[in-house]
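Look at the sequence and the 3D structure below. The text then goes through a pair of helices and the surroundings of a ligand.

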Amino acid sequence: MNLIEMNSICKSYRNIGFETQVLNNVTLHIGEGDYVSIIGPSGAGKSTLMAIMGCLAQPTSGEYILDGEEVGKLNDRKLSRVRNEKIGFVFQAFHLLPGVTALENVTLPLVYAKQTPGNAKERARELLAKVGLEHRLHHTPGQLSGGEQQRVTIARSLINDPRIILADEPTGNLDSKNGIETMKTFDNLVKEGKTIVLITHDSEVAQHAGRIISILDGQIDSDSGVHRERNTLSL
Amino acid sequence: MISSFLIAFRALFAHKTRTFLASLGILIGIASVIVMVAIGKGSQKEVMDVIAGMGENLITVNAGEMKRRGGRLRLTGNVNTLTVRDAYRITDEIAEVEMVAPFEEKRMVAKFGNNSAETTIAGSTRDFLIIRDYHLQSGEQFSERDSKTANRVAIIGMTAVKNLFGEEDPMGQVIKVHFIPFKIIGVFEPKGVDTNGLDQDDLVLIPLSTYMRRIVNQKHITRIFVRASSRNNIAKASEKIRELLRENHKLTDDRNDDFTLVSQLDLEELKKETTELFTKLIVGVAAISLLVGGIGILAVMLISVKERTREIGIRRAVGATRRDIIRQFLYESLIIGFLGGGLGIILGVGLTLGLTKWGHWILILDPNSIWTASWACAGLGIFFGVFPAIKASKLDPMEALTTE
Ligand SMILES: Nc1ncnc2c1ncn2[C@@H]1O[C@H](COP(=O)(O)OP(=O)(O)OP(=O)(O)O)[C@@H](O)[C@H]1O
Ligand SMILES: [Mg+2]
């Protein structure tokens with residue numbers, strides 16, 4: 001069974017006077033433990049696809065089945081639970097709470113978790129160390145560089161130990177050294193069995209994934225399919 | 001739930017000025033409600049005290065028709081049908097009446113040595129003191145014999161004492177009214193003004209018999225003070241007095257009363273009307289100021305929600321439910337409401353106590369108004385916070401995240 005199953009997903013934004021068709025009939029299945037990268041030109045609809053995948057937006061039409069549950073039929077409480085427990089987001093625009101320390105930003109998902117683990121602070125510290133920010137625990141986003149903010153976002157996405165990580169340009173603001181570190185982190189996460197969907201412009205970064213999907217004008221342009229080698233490996 | 005509360009508290013703490021300004025409307029509203037209710041209660045009690053001070057279960061029978069003019073009762077016309085005999089028939093024949101005091105008065109000049117002052121010369125019986133609740137500060141009441149033999153003795157009120165004697169002790173002195181000498185045998189305790197604002201201490205009381213024989217030469221009187229046997233009997237006594245006087249004055253059914261009855265209840269009713277109007281006004285003003293305060297909260301919360309739309313998106317993305325978001329903003333508006341309410345109560349109670357202590361106003365703190373005010377702020381906080389909070393929670397997380 002696929003973890004992510006999108007069937008004929010369309011998304012359009014209706015504004016006063018005009019309608020923008022952003023996703024057009026996208027069908028996409030991703031299995032548990034897959035490492036998928038999505039590439040495509042700016043404005044192709046990559047971030048929109050990720051928002052629907054992460055239950056942050058509802059498709060205009062089509063069916064989305066996440067972990068066996070039809071997302072369109074879930075109520076707000078269940079959807080929130082899904083976002084909280086199953087998905088970790090790394091946003092293109094970081095989306096950290098302003099005026100709140102890195103440590104607290106990382107623990108934010110635990111505020112809304114069913115139960116907060118006792119070692120929340122400790123875990124957050126470990127994760128920040130993992131992304132090389134052990135010396136910036138008490139800095140607020142305003143006091144951090146773009147790359148540092150991005151790494152806080154990665155740490156936050158991991159705090160609740162989600163099965164799926166949706167990352168939108170995670171290396172976009174990083175220098176090559178930090179970029180490589182980040183990609184190593186993701187590679188390790190895949191080894192731990194996590195499912196990763198990575199949006200990127202960088203074809204080298206995209207190569208880390210076992211499957212590359214290219215999006216053009218809201219449609220799937222090409223899909224490498226699951227890399228045989230990886231597939232047999234994971235079996 | 002605790003975490004929502006903490007989030008709300010921290011958000012408010014981060015915007016101290018705005019939080020304070022938002023609660024200012026509620027603060028002023030609550031404070032003014034408390035102070036104004038206290039003023040209302042105070043003035044009501046003051047009026048009721050004055051009425052009660054005029055004599056317990058008092059019914060006043062006035063000769064002639066009385067008409068209300070500008071909230072006060074004034075006598076019209078000159079009527080000479082009311083007599084001392086009427087007074088005694090009232091006590092003798094009406095069970096609900098405890099005692100009566102026929103009464104006559106006139107503004108006259110009194111002299112002591114070289115001093116002279118205009119004062120009210122009043123004639124009545126011994127029971128006048130009991131019925132009208134006058135007490136002696138010194139000296140004594142005139143005796144039965146004084147009344148019978150129309151002796152020239154007088155009991156004097158404090159205002160008249162000041163005007164005639166200054167600092168001197170009036171006891172045993174002799175004043176002259178109309179060239180007639182009166183010996184001062186008693187001094188009244190001060191009593192203050194009556195419901196019409198007249199000084200009840202500007203008075204020289206002499207036996208009615210003396211008054212009727214030596215001051216004026218007439219058979220009729222202008223007033224009878226009656227004490228009903230109990231508060232419950234005031235209405236019944238009044239009715240019986242009316243019947244008795246109409247019969248006594250041989251008034252046929254087609255003629256109006258030639259007297260007017262004013263009971264303690266009538267006065268209370270009359271004053272209640274004005275205080276009730278005042279109370280309604282207070283409630284109106286209070287409601288408006290609280291509403292304005294609530295709108296202040298609404299405005300601040302709307303701004304707060306708008307400028308924190310991205311924050312809402314972030315929280316939703318990491319797992320906050322709509323309910324979590326509503327709760328967070330509701331707590332914020334509730335805290336603002338309670339902050340304003342709390343400070344308003346402190347200010348209101350402080351002002352009330354301060355004005356009573358140093359302003360010499362009579363204010364009565366009404367615990368009810370504080371209680372109601374507290375509920376009002378909680379209510380306003382919820383009512384005016386719910387709308388922006390729901391608005392915030394309705395957004396799609398992605399929309400909230402991409403809002404500029
Ligand atoms: N709320 C909206 N209303 C109207 N159009 C929108 C809205 N949000 C996104 N779009 C449009 O949808 C299209 C796809 O946007 P999206 O953010 O998914 O692109 P992207 O592939 O992530 O691009 P980039 O690589 O630059 O991040 C864009 O053309 C954008 O203008
Ligand atoms: Mg994008």
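This is a predicted model: local features need pLDDT of at least 70, side-chain atom pairs count only at pLDDT 80 or more; totals for chains, interfaces and linings use all residues.

Residues are numbered from 1 along each chain as its sequence is written, chains are lettered from A and ligands numbered from 1 in the order in which they are written, and side-chain values use heavy atoms, without hydrogens and water.

The axes of α2 (residues 16-53) and α9 (residues 264-307) of chain B cross at roughly 175° and come within 8 Å. Axes here are lines fitted to C-alpha atoms over the stretch in contact, with angles from 0 to 180 degrees between N-to-C directions. Helices are DSSP runs (H or I, at least four residues) and strands are too (E, at least two).

Now turn to the ligand. Around ligand 1 there are 14 residues, each with a heavy atom within 4 Å of the molecule. The nearest are A:Ser42, A:Gly43, A:Lys46, A:Ser47 and A:Thr48. Polar contacts are pairs of N or O atoms within 3.5 Å. An oxygen atom of ligand 1 lies 2.8 Å from a polar backbone atom of A:Gly43, and one lies 2.6 Å from a side-chain N or O atom of A:Thr48. Elements giving two or more residues to the shell are β1 (2-15), β2 (18-31) and α1 (46-53) of chain A. Of these, α1(A) gives the most, with three residues.

Conventions
A polar contact is a pair of N or O atoms within 3.5 Å; within protein, one must be able to donate a hydrogen and the other to accept it, and residues adjacent in sequence count only if both atoms are side-chain atoms.
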